[in-house]
Amino acid sequence: MSKPTDELFKNVISHCKEYGFVFQSSEIYDGLSAVYDYGQNGSELKNNIKTYWWKSMVQMHDNIVGIDSAIFMHPTIWKASGHVDGFSDPMIDNKVTNKRYRADQLLEDKIAKYEADGEADKAAALQTAMDNALKAEDLPRLKELIIEQDIQDPLSKDKPDWTDVRQFNLMFSTQMGAIAGDADVVYLRPETAQGIFVNYLNVQKSGRMKIPFGIAQIGKAFRNEVIARQFIIRMREFEQMEMQYFVRPGTQREWFEKWKEARLKWHLALGTDAAKYRYHEHTKLAHYADAAYDIEFDFPFGFKEVEGIHSRTDFDLSQHEKFSRKKMQYFDPELDENGKPYGNYIPYVIETSIGLDRMFLLTMINAYEEEDLSTPERQDSRTVLRLHPCLAPVKAAIFPLTKKDGLPEKAREIMDKLKLDFNIQYEEKDAIGKRYRRQDAIGTPFCITVDHQTLEDNTVTIRHRDTMVQERVAADDLEKIIGGLVSWKNLL
Ligand code: ATP
């Protein structure tokens with residue numbers, strides 16, 4: 001029988017802690033809200049997700065290059081991008097409990113509830129009313145909707161007494177320099193995209209890039225989220241993997257459709273059930289966008305955005321031209337249908353923006369299984385992470401059967417060869433069965449056991465994580481066997 005979804009989610013969260021994937025930041029000081037650290041297995045898994053993204057975006061496209069821009073940027077950049085004036089969420093407090101919420105999220109939860117209860121008409125009507133209020137920045141109307149819908153405080157049974165709805169800017173600011181004054185305020189970037197926009201001509205010129213071309217980047221972003229819930233879904237410090245694709249004006253729709261499809265394909269290549277994904281079209285578009293879709297995943301608490309595909313027009317580059325007074329134009333020498341060069345223009349931009357931490361959680365939830373292995377004679381079970389082998393933190397574990405007779409030395413000799421290419425773990429403590437279980441729990445695709453026969457004929461047993469089948473193979477073939485399964489060729 002499958003587990004109730006909230007129980008599954010709780011189990012995944014405790015598994016993340018128990019097996020060194022994710023820890024609460026500053027835990028010994030009672031934690032820091034919505035900030036998390038990745039442990040020894042978590043950082044390996046996270047790096048592997050990054051590598052998968054980087055290879056498929058940068059390595060597989062000869063017209064996409066990667067950069068690594070600084071987190072601190074000139075403060076005027078955030079004026080130009082609209083973040084200083086407009087990057088805010090509507091918040092509301094319950095005066096009874098002093099708890100703070102995002103007004104739009106309270107309404108979204110109600111819409112999801114209508115949908116779950118099969119009341120599609122009510123869901124659609126509330127969605128429209130909310131979208132209209134957000135578009136018009138009509139904060140009193142948002143409060144009215146919360147009261148009309150009789151929305152309760154999610155964390156308290158007592159009747160709420162709501163404050164007015166106010167806007168709350170999500171950017172963290174700090175000061176730069178030893179004698180800092182008001183003029184020296186800098187922001188922690190709330191998205192990585194602006195680092196790409198302000199470098200687009202540097203990259204285009206130094207790389208002699210021709211339109212269409214893309215710039216990709218992986219990096220930290222910071223948002224002072226009004227309310228942080230659901231583990232690493234909504235963090236105050238998180239990581240994004242973004243790609244800006246610069247195209248000729250008028251071709252943006254075509255590229256938007258291509259990237260929308262390509263990005264979903266990237267997700268599905270990991271073997272995820274397609275029914276777990278859906279597109280969500282934005283009806284209320286951000287000021288810079290002319291089309292936007294989210295790729296959503298069916299988390300235990302419902303569908304939630306993992307990645308956004310946005311057609312950002314020429315908004316950002318035009319704004320930077322205006323605020324920096326530097327030309328952002330690209331000269332396009334290609335000829336149009338009348339035989340004339342397209343000439344100078346500001347490119348349009350398609351953006352793909354995926355949250356690395358949400359992708360991490362999705363991967364853990366997808367992989368996590370509590371498998372019943374009971375037989376009529378004996379009750380048994382195991383927790384196994386069925387991670388794609390390319391993403392697994394440890395590719396193979398190597399066990400000497402016993403701690404004597406030269407087996408540890410032989411095991412280490414085999415490991416020393418393999419570790420040049422793969423992340424390998426050595427374990428000699430406890431019975432083999434227990435060691436298998438520990439590796440299953442972190443998703444290691446192979447366990448290799450060195451026994452007395454190994455000393456005679458240089459063969460080992462290799463045990464496969466998913467089937468638990470064991471076979472005897474030559475130690476010299478291990479590199480090929482492991483390499484075959486964890487090769488990026490299987491994904492790209
Ligand atoms: P949401 O509506 O969930 O707040 P968003 O629309 O603000 O997300 P974008 O600005 O499009 O998100 O950012 C791109 C991606 O970055 C999102 O799809 C998500 O995966 C990730 N992301 C955004 N905010 C956070 C956060 N606070 N914590 C973790 N990941 C985030």
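Keep in mind that the model is predicted.

Now the meeting of domain 1 and domain 2. On the domain 1 side, eight residues make contact, and they touch 11 residues of domain 2. How much area do domain 1 and domain 2 bury between them? About 950 Å², with 54% of it on carbon and sulfur atoms. Look at Val226, Ile227 and Lys284 on your screens. Those three supply 57% of what domain 1 buries against domain 2, more than any other three residues.

Arginine 102 pairs with glutamate 225, and their closest N and O atoms are 3.9 Å apart. By class, the domain 1 side that touches domain 2 has four charged residues, two polar and two nonpolar.

On to single residues. Serine 311 belongs to strand β13, residues 302–311. Is serine 311 buried or exposed? Buried, because its relative accessible area is 1%, and the cut-off is under 20%. Its side chain makes a polar contact of 2.5 Å with the side chain of aspartate 290. Beyond four places in sequence, the residues in contact with serine 311 include Gln252, Phe256, Tyr288 and Val349.

Valine 247 is next. It sits in strand β10, residues 237–247. Relative accessibility is 0%, so valine 247 counts as buried. Which residues does valine 247 touch, not counting those up to four places away in sequence? They are Ile211, Pro212, Gln252, Trp255, Tyr345, Pro347 and Tyr348. Gln252 is also in contact with serine 311. For a sense of distance, take tyrosine 38. It is 209 residues from valine 247 in sequence, and 37 Å away in space, C-alpha to C-alpha.

Last stop, helix α14, residues 432–442. Its buried residues are Ile432, Arg435, Tyr436, Gln439, Asp440, Ala441 and Ile442. Just after α14 comes glycine 443, with a positive phi of about 85°.

That is the tour. Questions are welcome.

How values were computed. Residues numbered from 1 in each chain as written. Predicted model: local features only at pLDDT ≥ 70, side-chain atom pairs only at ≥ 80, totals over all residues. Heavy atoms only, no water. Contact = heavy atoms within 4.5 Å. Buried area = accessible area lost by both parts, 1.4 Å probe. Salt bridge = Lys/Arg side-chain N within 4 Å of Asp/Glu carboxyl O. Nonpolar A, V, L, I, M, F, W, Y, C, P; charged D, E, K, R; others polar. Helix = DSSP H or I, 4+ residues; strand = E, 2+ residues; numbered from the N terminus. Buried < 20%, exposed > 50% of the residue type's maximum accessible area, 1.4 Å probe, protein only. Polar contact = N/O pair within 3.5 Å; in protein donor to acceptor, adjacent residues only side chain to side chain.
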